[in-house]
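This report looks at the open spaces in one protein model and at the residues around them. Please have the structure in view while reading.

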Amino acid sequence: MANVAVIGAQWGDEGKGKVVDWLASRADIVVRFQGGHNAGHTLVVGNQTYKLSLLPSGLVRGKLGVIGNGVVVDPVALLEEIARVRAQGLIVTPDTLRVAENAILILPLHAAIDKAREAKRGERKIGTTGRGIGPAYEDKVARRAIRVCDLAEPETLSFKLDELLLHHNTLLQGLGAGTFEKQALLDHLLALAPQILPFAEPVWERLDQARRAGRRILFEGAQAVMLDVDHGTYPYVTSSSTVAGNAAGGAGIGPHAVGFVLGIAKAYTTRVGSGPFPTELFDDVGKLLGKRGHEFGTVTGRPRRCGWFDATMVRQAVKVGGIQGLALTKLDVLDGLPELKICVGYDINGKRFNYLPAAMGAQAAATPIYETMEGWSGSTQGARTWGALPAQAVKYVRRIEELVEAPVTLLSTSPERDDTIMVKDPFEG
Ligand code: GDP
Ligand code: IMO
Ligand code: MG
């Protein structure tokens with residue numbers, strides 16, 4: 001028996017939420033280990049749709065949810081999300097949700113800086129979610145961040161705010177944006193403290209006990225390998241480490257506990273925000289994928305850019321992300337397309353590459369080299385067995401397996417929880 005880590009293998013929105021919810025029936029604890037409320041995970045269960053940003057997707061199954069130290073927590077967003085899902089009938093209490101006492105807090109000034117900087121970047125903007133994710137992680141490594149545990153110590157909050165404001169008000173002024181006042185921020189945090197602190201604890205201890213007792217832990221990633229701050233299309237990335245290697249550090253457990261690494265990939269590719277996207281389609285096929293796949297950002301509502309499946313990129317994500325099996329989602333969106341293309345390499349200024357190089361200029365110049373496959377006329381939508389798939393759809397999946405050098409472990413054929421084909425149980429390792 002192994003634990004499982006779920007990570008995105010493209011640029012996010014691959015269907016991690018659906019897959020984590022599905023796998024959570026086999027798990028005891030679901031842990032978020034990075035990211036923040038820039039994530040948007042959609043779960044469809046019967047006639048209910050849950051949209052989760054900070055809360056671990058396992059809560060929908062009534063499993064214990066843990067927000068690890070690697071997450072940046074906006075306390076206002078967290079409380080709002082808890083209220084929203086409670087209104088949908090979910091039970092979220094300190095018995096079902098634990099938050100690492102050493103997780104970093106996102107304050108209103110982080111979103112202000114995020115937005116002001118993006119505005120100044122103009123054409124070169126990253127297209128962030130504007131939620132203060134980057135500035136909060138910067139404060140963490142700069143050793144001036146306010147953490148969940150600080151809410152219990154008004155004096156600590158007071159002197160930390162002095163340092164924080166000295167830095168950020170200077171920056172905000174330079175950016176021509178409004179500044180923040182210490183007393184107002186202090187009052188804001190002290191008012192939040194009694195609502196947040198009941199969820200706080202050293203989660204590493206609980207996870208250690210769970211591990212020793214043989215409980216199954218599911219690590220839920222947000223974003224994806226190509227948005228990883230080291231391995232992604234930098235600087236058009238998020239500010240955290242999204243690879244499975246960070247599941248341990250971001251939760252407070254050893255690397256051996258992470259277990260099987262499941263990468264999630266769509267049967268095509270999408271991206272929200274700016275940055276290189278070699279297989280992006282600007283034609284009717286791209287529009288069709290966006291329409292059929294309902295490709296609009298869960299968090300910002302922005303239309304997602306769409307393109308063909310990029311096997312070269314996913315292969316790279318498999319390697320750097322430590323992916324041992326792939327969950328391929330949204331195969332149904334390709335139903336009825338006469339022809340499908342898969343990117344098997346790039347032409348960069350006349351030279352062939354079998355990976356995406358790190359340099360910005362090279363990434364922008366990468367032109368996909370395609371392999372073309374026949375589509376299928378039947379439907380995969382809602383299929384729950386391998387046998388229910390058209391033969392040509394199976395061929396497409398097999399070719400992807402070959403090209404990305406990872407087996408397909410799960411196949412998803414609709415947004416609905418149970419429209420999932422399990423090839424191999426990831427918890428069996
Ligand atoms: P995440 O961020 O990786 O959790 O993905 P999102 O929830 O942001 O985006 C994935 C979208 O695709 C959601 O609206 C899901 O309901 C939907 N979805 C997931 N799997 C499938 C699938 O196999 N087929 C279709 N048609 N939709 C899916
Ligand atoms: P889930 O977990 C897709 C993108 C933003 C932007 C870049 C940086 O739902 O897959 P940030 O606000 O993080 O500083 O923005 O990263 N981005 C996502 N794109 N899915 C996500 O999360 C994303 N989280 C951030 O669009 O390009
Ligand atoms: Mg999403």
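Predicted model: local features only at pLDDT ≥ 70, side-chain atom pairs only at ≥ 80, totals over all residues.

## Domains and the model

The domain bounds used in this report come from an automatic or database domain assignment.

## The largest pocket

The largest pocket holds about 900 Å³ of space. Its lining is made up of 50 residues, and those closest to the centre of the pocket are Asn38, Ile133, Val237, Thr238 and Ser239.

Three helices, α3 (108-121), α4 (133-141) and α8 (245-249), each contribute at least two residues to the lining of this pocket, and α4 gives the most, with seven residues. By residue class, the lining of the largest pocket consists of 16 nonpolar, 24 polar and 10 charged residues.

## The second largest pocket

For the second largest pocket, the volume is about 530 Å³. Its lining has 25 residues, and Thr42, Gly293, Arg304, Lys330 and Pro415 are the ones that lie nearest the centre. The elements that supply two or more residues to this lining are α1 (16-23) and β3 (41-45), while the residue classes of the lining divide into four nonpolar, 12 polar and nine charged.

## Where the second largest pocket lies

Which domains give residues to the lining of the second largest pocket? Both domain 1 (4-99 + 199-260) and domain 3 (266-428) do, and therefore the second largest pocket lies between them.

Definitions and conventions:
Residues numbered from 1 in each chain as written. Chains lettered and ligands numbered in written order. Heavy atoms only, no water. 1 Å grid on protein atoms, 1.4 Å probe; cavity = no way out; pocket = protein on both sides within 12 Å on 5 of 7 lines; lining within 4 Å. Points joined across faces, edges and corners; volume = space filled by probe spheres on them. Helix = DSSP H or I, 4+ residues; strand = E, 2+ residues; numbered from the N terminus. Nonpolar A, V, L, I, M, F, W, Y, C, P; charged D, E, K, R; others polar.
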